[in-house]
Every structure is written in C-alpha cells, then in structure tokens.
Amino acid sequence: MKIVALAGGIGGARFLRGLLAAAPEAEITVIGNTGDDISLFGLRVCPDLDTVMYTLGGGINEEQGWGRAEETFTVKEELAAYGVGPGWFGLGDRDFATHIVRTQMLAAGYRLSAVTEALCDRWRPGVRLLPMTDDQVETHVVVEDEQGRRAIHFQEWWVRMRASVPALSIAAVGAAESAPAPGVQAAIEAADVVLFPPSNPVVSIGTILAVPGIRDAVAAKTVVGVSPIVGGAPVRGMADACLTAIGVETSARAVAEHYGLGLLDGWLVDEADADVRVEGIEVRSRPLLMRDAETTAAIARAALDLAVELKRAGVAE
C-alpha cells in the first residue's frame, strides 16, 4: 500500500511514528510543511522537516517533542555572551550541525528536496520525506502591539510571543508563486490513500495545501484526517489562536468544514466530540490522545482503516 501523509511538526511526527508501527509494510511518503522555515545566525532552519526526521530517526527530545535528545547549548550561550540574537529561538549544539550542513548544501546549489534526502540518509526515518516545495515560503503573521501594526515571522509570534498577541491575519508568503517539490505530485497521484495527521490545520497542513497543484492532487484521492481539536481545545500547541485569526471556530466540526467536503472524505474525532456530524464527510469517534506508542499506533490504524474502507466504497476516486 502507498500512503501519503501531510505533516507539520510534533503532532504530525508522533502520528507518523504510530503509522509506521501500524502499517510496517506500507510505502509512506511524507510531505512536510516548510512555511515555518526561518534563517537564523546565517543558517537555514527547517523546524517541521527536522522534527519529523529526528522523531522517526530516534534522535528527538521526547519530552519536548522537538530538538535533539541529550542536547547541549554551548553555542547559544556563547552567542548570547556576544549579544547576538535572537535569544528566544533555542538551537542546541547538535541541532546546529544539521542546519550548518543544510545551509552549506543550499549555498552549493542543491535544492531543499535533495538536501532533505541527504540528511535523511543519516537518520533513516523509514519514510520518504519531501518538503512541500523547493521554493522559499515563509508564514508571516500580522499583529498589532506597542510597536504598532506590523508583519512578523510566524516563529517570532509562535515561539517568542507564544501567540499571546492576537493575529490579525496569517499569510504563507511566496506560496502562490511556488511549485511542488520534485516527487510530491507523483507521490500523491500514486497514493492509495492520503492522511492528514493532527497537525495545525492553518499553518501546517493549510500551508502545504496552499502550494499550487497540491490541493487539487490531494482532492482527487481518498483523504482521511485526524482532528487536532478535542473537546473544543487543541491537543497541544496554540492552534486555536491560528483558527481564530482566519475566522474558524476551535472545534472538531469547524476544522472539518474548513478543510471542506471537496477535500476531506473521512474525519476521526475524539470521543469527546462523538456527536459531531459533517454533511458528506464520514465522521468516526475514538480516543485520540497519543499517550504512548500503543495508543498512537491505534489512532493511525483507525485512520488508515477508515481511508481503506472509504476507498473501497469508491469515495473520491
């Protein structure tokens, strides 16, 4: 079986680890969000791609869900001693090595997709990890604070501000002019099913779908998503702040409607949202908290089983 999954960072990576356990014989292609990418200290940082790579490759800081295990921060401390910022983005020493290699390869003319493949040669994540595009796309947020109304990088809003300042709007700058990375369209077209992990529907999966051609290709397949909202609140992170910025209610039903009937065929919600109904979309309820490896694999299996069931019924294809 060929599976394509669209993924952001922590939630997507953990779901994918469960998917590997639930479907060990499947050929899995992961299309990763690059809208969170940012240049820091002269280095190109790809947080979501790295979180997937580290998580599936066994190098993630399990407690945080991001960054490297057994990390040290000597370089960060030395930069702070020189007064060099930003100090709010915590790159560790081991993590710096990844960004140095990536930046050197990009400067040498390699595309991000080729760089990602080279980095994965070390980590062996068990999936084919593709960036959504080789073109530069960055998610920016318009806020209004004591400095007035201004656009800032998503990472500053998310990490430094902790989304405490309301976002007036969110935009994937450069997405409209971008093209899918090599292999992305072919992987979707060859896929038996497409899965949306419980990643942020606005700035993770939503940004991937903003790359021209990806949404249409996905819509032609059988698509099942896992709700990132349980009982009216995000499972983790601040997805509610992103949803509010685009005028979408923080609920499992509203997120399914945001994706839309033309895109989503099946939707897994938590038992707390068992009463959710969305016209034209098959909604199933089950426990969705990824407490450990066993529960995470069960969630992934449920999503895959629903997708296979809908595909056999001829939904979307």
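At roughly what angle do the axes of H1 and H2 cross, and within what distance do they come? The legends below, which describe a predicted model, begin with this pair.

**View 1. Helices H1 and H2 and their crossing.** Two packed helices are described by the angle between their axes and the distance between the axes. Here the axes of H1 and H2 cross at roughly 35° and come within 9 Å. The crossing of H1 with H2 is right-handed.

**View 2. Residues in the contact of H1 with H2.** From H1, the residues Ile10, Ala13, Arg14, Leu16, Arg17 and Leu20 meet Thr51, Val52, Thr55 and Leu56 of H2. Sorted by class, this contact comprises six nonpolar, two polar and two charged residues.

**View 3. The largest pocket and its lining.** The space in the largest pocket amounts to about 1,100 Å³. Its lining consists of 48 residues, of which Gly9, Ile10, Trp66, Trp158 and Arg236 are the closest to the centre. At least two lining residues come from each of helix H1 (10–22), helix H2 (47–57), helix H4 (93–107) and helix H6 (154–160). H2 contributes the most, with five residues. By class, the lining holds 21 nonpolar, 17 polar and 10 charged residues.

**View 4. The aromatic pair of Tyr54 and Trp123.** The count of aromatic pairs comes to eight. The pair formed by Tyr54 and Trp123 is edge-to-face, with 5.3 Å from centre to centre and 65° between the planes. Because Tyr54 lies in helix H2 and Trp123 in helix H5 (residues 112–123), the pair ties together parts that are 69 residues apart in sequence.

Methods. Residues numbered from 1 in each chain as written. Predicted model: local features only at pLDDT ≥ 70, side-chain atom pairs only at ≥ 80, totals over all residues. Heavy atoms only, no water. 1 Å grid on protein atoms, 1.4 Å probe; cavity = no way out; pocket = protein on both sides within 12 Å on 5 of 7 lines; lining within 4 Å. Points joined across faces, edges and corners; volume = space filled by probe spheres on them. Helix = DSSP H or I, 4+ residues; strand = E, 2+ residues; numbered from the N terminus. Nonpolar A, V, L, I, M, F, W, Y, C, P; charged D, E, K, R; others polar. Axes fitted to C-alpha atoms, helices over the stretch in contact; angles between N-to-C directions. Left-handed = near helix turned anticlockwise from the far one by under 90°. Contact = heavy atoms within 4.5 Å. Phe/Tyr/Trp six-rings, centres within 6.5 Å; stacked < 30°, edge-to-face > 60°.
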